[in-house]
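Morning, everyone. Please bring up the sequence and the model on your screens. I'll talk about charged pairs, then about a sheet.

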Amino acid sequence: MNHYYTDETNTLILVSLLKAHGIKKVIASPGTTNISFVGSIQFDPYFEVYSAVDERAAAFMACGLAEESGEPVVLTCTGATASRNYIPGLTEAYYRHLPVLAVTSTQHGGRVGNYVAQVIDRSEQFKDMVKKSFQLPTVRCEEDKQYTITAVNDAILELQHGICGPVHINLFTTYSNDFVTKELPNYRMIRRVPDCAFPKMPKGKIGVFVGAHEKFTEEETNAMDMFCETNNAVVICDQISNYRGKYRFLANFPNSQERDLGTRSFDLIIYIGYVHGAYINFHGKETWRVNKDGVIRDPYRNLTYVFEMEESQFFNHYSKGNRENTLFQICVDAREKLEHHIPELPFSNMWVAKETAHLIPENSVLHLSILNTLRIWNYFETPKTVLCYSNSGGYGIDGCLSSFIGSALANRNIEHFMIIGDLSFFYDINTLFNELPDNVHIMLINNGVGTEFKNYNHRASYFGEDADKFMAAKGHNGFKNPDTVKSICAGKGIRYICASNKEDYISQRDNWLKKGNGSVLIEVFTTDKDESDALKMMNSIEKDNSVKNKLKRSAVGKLAKRIIRGV
């Protein structure tokens, strides 16, 4: 009989990455549900497999084996109540800080709670039993596969991250008896620095992507600038990145074009900061994350290293030698070329941003609401001393105005500017009935609908006007009644101004920007059609004229799409 590995991808990933990370000791308890895992390792000479019938004993054996060997130890058990017997031993491992990886095999998650034999709920663990717990479902698509790769790496690294301790993996199985995989695949490995040596910086195009970030210190900015200078790198930014150094590339405008201008593809992405704001279109062959928390964060599913350190330490380490930076100029040229070809836009949030972003006063704070406003105001540069923020953490519309007011209250000597859509504004309107400081400047873009859902490139646009009632919430909040917000402002002592066309706006713009006249709100009335048209015009300055894209845009292509959709 030939002995090969299972064909269950999640198990193959686990086995492969255990080997890649140097983990070889496994204590197996008998059962059916874990046969895919046990059957894949017992004939692999790399692994040291031990048998223990009683799972409670197995877990305590793992404690002794880990303590004496100084190595991580894997436990594997079947379904039913087998895993419950791990609790005493894993609790011991938790308090003794021993790296024990408990792999509990299970059936399909949909069977939990449905009176299926030998199926129990393993979705929650005791707080003092394991450091982390991961569910590894059956892999059915590429996203499942990449999630599983990241989760297994995370689980293995967590065993010895900071204070050592046990970790849990709940491994789903389909009970496949096809042990036909002759060679164990190699899967993406994630390493943590300084647990391992600093890797060599790849050659080619390097992009430092900055998610939401607090204000950079001068030291941090200088370290990033020097890194870019010596590594042919550019700093990919949106407004809330708040990096204002020499190599800032506000990427939304050029990277949203139909055609790739040479500013989207990178050999390496270095990710700093937190959740990004504006959905910038770019990709890298691999990603390195730099953050002192050392946590595995893998938004693009190509993470290979996590650097648990201050950003300056990372950039200073790699800022050695002399190298010409050609990439930044490519990015600058692409953006400047587009700026010279911006067409005459309809009256819209996009047009307002074009006419206003560069005029936001120096040393002020700009808040941008989720989502269309955040996207649009990333097409145009603001002055270097302006700090920008958005509720990109949870990425909801429900507190944008309140966050802005809170910031203004904390910094009464700094002018605060808010750009917000009507759905976000009315959702959070209660905050206007609190105390408002004099440094508040609110711009309400009121088109009477959730414009995000009406944009030409949003999936809801497929429904046309049928999207209005339930998807885009058209007609709420007075449906652009000019007296609704005006009366609220009058009751709160907020200076109210409005604009319904370009001439109105230009005449009122300085009144909104001006400091010293108390809190002010300008309501800008636009239409969802103009908003969508403006976005499309900005995104199609550089068209994709490939045969494939021409066919896609043609009447034939649109008809084919409708036939495929069955409409």
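A salt bridge here is a side-chain nitrogen of Lys or Arg within 4 Å of a carboxyl oxygen of Asp or Glu. Side chains of opposite charge can pair when their charged atoms come close. Keep in mind that this model is predicted. By that rule, the count is 27 salt bridges.

Start with E71 and K25. Their side chains form a salt bridge, 3.0 Å from N to O. Where do the two partners sit in the chain? E71 is in the loop between α3 (55–69) and β3 (73–77), and K25 is in strand β1, residues 25–28. That puts them 46 residues apart, so the pair links distant parts of the chain. Are these two buried or exposed? Under 20% relative accessible area counts as buried, and over 50% as exposed. K25 has 8%, so K25 is buried. E71 has 27%, so E71 is partly exposed.

Next pair: K131 and E158. Their closest N and O atoms are 3.3 Å apart. K131 lies in the loop between β4 (100–106) and β5 (133–136), while E158 belongs to helix α5, residues 142–158. Again distant parts of the chain are linked, this time 27 residues apart. K131 is partly exposed at 26%. E158 is buried at 10%.

E452 is in the loop between β19 (440–446) and α14 (482–492). R375 is in helix α11, residues 372–376. The separation is 77 residues. E452 is buried, with 13% relative accessible area. R375 is buried too, with 15%.

Back to K131 and E158 for a moment. Salt bridges with shared partners join K131, K132, D154 and E158 into one network.

Now the sheet. Six strands make an open sheet, in the order β17-β16-β18-β19-β21-β20, with parallel pairing. Which strands are at the edges? They are β17 (387–389) and β20 (495–499), and each pairs on one side only. On average, neighbouring strands are turned by 15° against each other, direction ignored.

Look at the β20 end. β20 pairs with β21, residues 520–525, over five bridges in the parallel sense. I497 stands opposite I522 in β21.

Technical notes:
Residues are numbered from 1 along each chain as its sequence is written. This is a predicted model: local features need pLDDT of at least 70, side-chain atom pairs count only at pLDDT 80 or more; totals for chains, interfaces and linings use all residues. Side-chain values use heavy atoms; hydrogens and water are left out. Helices (H or I, at least four residues) and strands (E, at least two) are DSSP runs, numbered from the N terminus. Buried means under 20% relative accessible area, exposed over 50%, partly exposed in between (1.4 Å probe, protein chains only). Two strands pair if DSSP finds at least two bridges between them. Axes are lines fitted to C-alpha atoms, for helices over the stretch in contact, and angles run from 0 to 180 degrees between N-to-C directions.
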